[in-house]
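Subject: Structure handover and notes

Hello,

Here is the structure we discussed. Please look at it first and then read the notes below it.

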Amino acid sequence: MSDPIDGAERSLGQLVASATAEMSALVHDEIALAKAEIRQDVKRGGMGAILGVGALVVLLFSLPMLSFALAYAINTWTGGHNGNGGWNLVWCFLLSFAFNVLLAVLLGLVAVAKFKKVKPPEKSIASAKQTAAVLSTVKPHPRPEPGAALDRTLDKASAVARSSV
């Protein structure tokens, strides 16, 4: 009987079982790699989405309060508090609105930068392409034609029948 440790003396069944186990492990490793890359990209995309939603929340919910507070503060800073009139309140409100839009644009730009970091799973794609290239060069073991095997079986059966007569 052959030594199972010696690779040159393994049986065909052992070689097939080994190849099947290695292919299964390779597929599992590629799936794990793809999951890890996708998980990382989902985290980046999620952060970008959170920042984008944050930009919208800031723009929508804080605009009225911030606009009024900022407009009256500008009016006060320009001398409106002491009766000298200061800037017209229209200009104060427009300046307040411009500040809020600038804040939303900055948050939106950070969100877009986070979204641009999301990439396809390049390592998994390259590994899958390598595996496909290796598997495409593998040639199947030639099998005898079914008709020839049947003829040999019938010849053996007739030889056995003749020897017993």
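Overall

Please keep in mind that this is a predicted model. The chain has five helices and zero strands, so its pattern along the sequence reads α-α-α-α-α. Of its 165 residues, 15% are buried.

Helix 1

Helix 1 covers residues 12–61 and has 50 residues. From its first C-alpha to its last it reaches 72 Å, close to the 74 Å expected at 1.5 Å a residue. Its buried residues are Ser18, Glu30, Ala34, Glu37, Asp41, Gly45, Gly48 and Ala55. The cover over these residues includes helix 3 and helix 4, the latter being residues 122–137.

Lys35 is also in helix 1. Lys35 counts as exposed because its relative accessible area is 51%, and the cut-off for exposed is over 50%. Lys35 and Ser124 are separated by 89 residues in sequence, yet their C-alpha atoms are 9.0 Å apart.

Helix 2

Helix 2 runs over residues 63–77. With 15 residues at 1.5 Å each it should span 21 Å, and its end C-alpha atoms are 20 Å apart, which agrees. The expected figure is 1.5 Å times one less than the number of residues.

Which residues of helix 2 are buried? They are Leu63, Ser67, Ala71, Ile74 and Asn75. Looking down the axis of helix 2, these buried residues fall within an arc of 100°, so they line one face of the helix.

After helix 2 comes Gly79, which has a positive phi, near 105°.

Asn75 belongs to helix 2. Asn75 counts as buried because its relative accessible area is 13%, and buried means under 20%. What does the side chain of Asn75 reach at 2.8 Å? It reaches the backbone oxygen of Trp87. Leaving aside neighbours within four places in sequence, Asn75 is in contact with Gly80, His81, Gly85, Gly86, Trp87, Leu89 and Cys92.

Gly80, one of those contacts of Asn75, sits in the loop between helix 2 and helix 3. Gly80 is partly exposed, with a relative accessible area of 26%. Not counting residues up to four places away in sequence, Gly80 touches Asn75, Gly85 and Gly86.

Helix 3

The buried residues of helix 3 are Cys92, Ser96, Asn100, Ala104 and Ala111. They pack against helix 1 and helix 2.

Val105 also lies in helix 3. At 42% relative accessibility, Val105 counts as partly exposed. Val105 and Ala55 are 50 residues apart in sequence and 7.8 Å apart in space, C-alpha to C-alpha.

Helix 1 against helix 3

Two packed helices are described by the angle between their axes and the distance between the axes. Helix 1 and helix 3 pack at an angle of about 170°, and their axes are 8 Å apart. That makes helix 1 roughly antiparallel to helix 3, because angles over 145 degrees count as roughly antiparallel.

Which residues meet where helix 1 and helix 3 come into contact? On the helix 1 side they are Arg44, Gly45, Met47, Gly48, Ala49, Leu51, Gly52, Gly54, Ala55, Val58 and Leu59. On the helix 3 side they are Asn100, Leu103, Ala104, Leu107, Gly108, Val110, Ala111, Lys114 and Phe115. Gly45, Gly48 and Ala55 are also among the buried residues of helix 1, and Asn100, Ala104 and Ala111 are among the buried residues of helix 3.

Regards

Note on methods:
Residues are numbered from 1 along each chain as its sequence is written. This is a predicted model: local features need pLDDT of at least 70, side-chain atom pairs count only at pLDDT 80 or more; totals for chains, interfaces and linings use all residues. Side-chain values use heavy atoms; hydrogens and water are left out. Helices (H or I, at least four residues) and strands (E, at least two) are DSSP runs, numbered from the N terminus. Buried means under 20% relative accessible area, exposed over 50%, partly exposed in between (1.4 Å probe, protein chains only). The arc is that of the directions from the helix axis to the C-beta atoms. Contact means heavy atoms within 4.5 Å. A polar contact is a pair of N or O atoms within 3.5 Å; within protein, one must be able to donate a hydrogen and the other to accept it, and residues adjacent in sequence count only if both atoms are side-chain atoms. Axes are lines fitted to C-alpha atoms, for helices over the stretch in contact, and angles run from 0 to 180 degrees between N-to-C directions. Angles under 35 degrees count as roughly parallel, over 145 as roughly antiparallel, 65 to 115 as roughly perpendicular and the rest as oblique.
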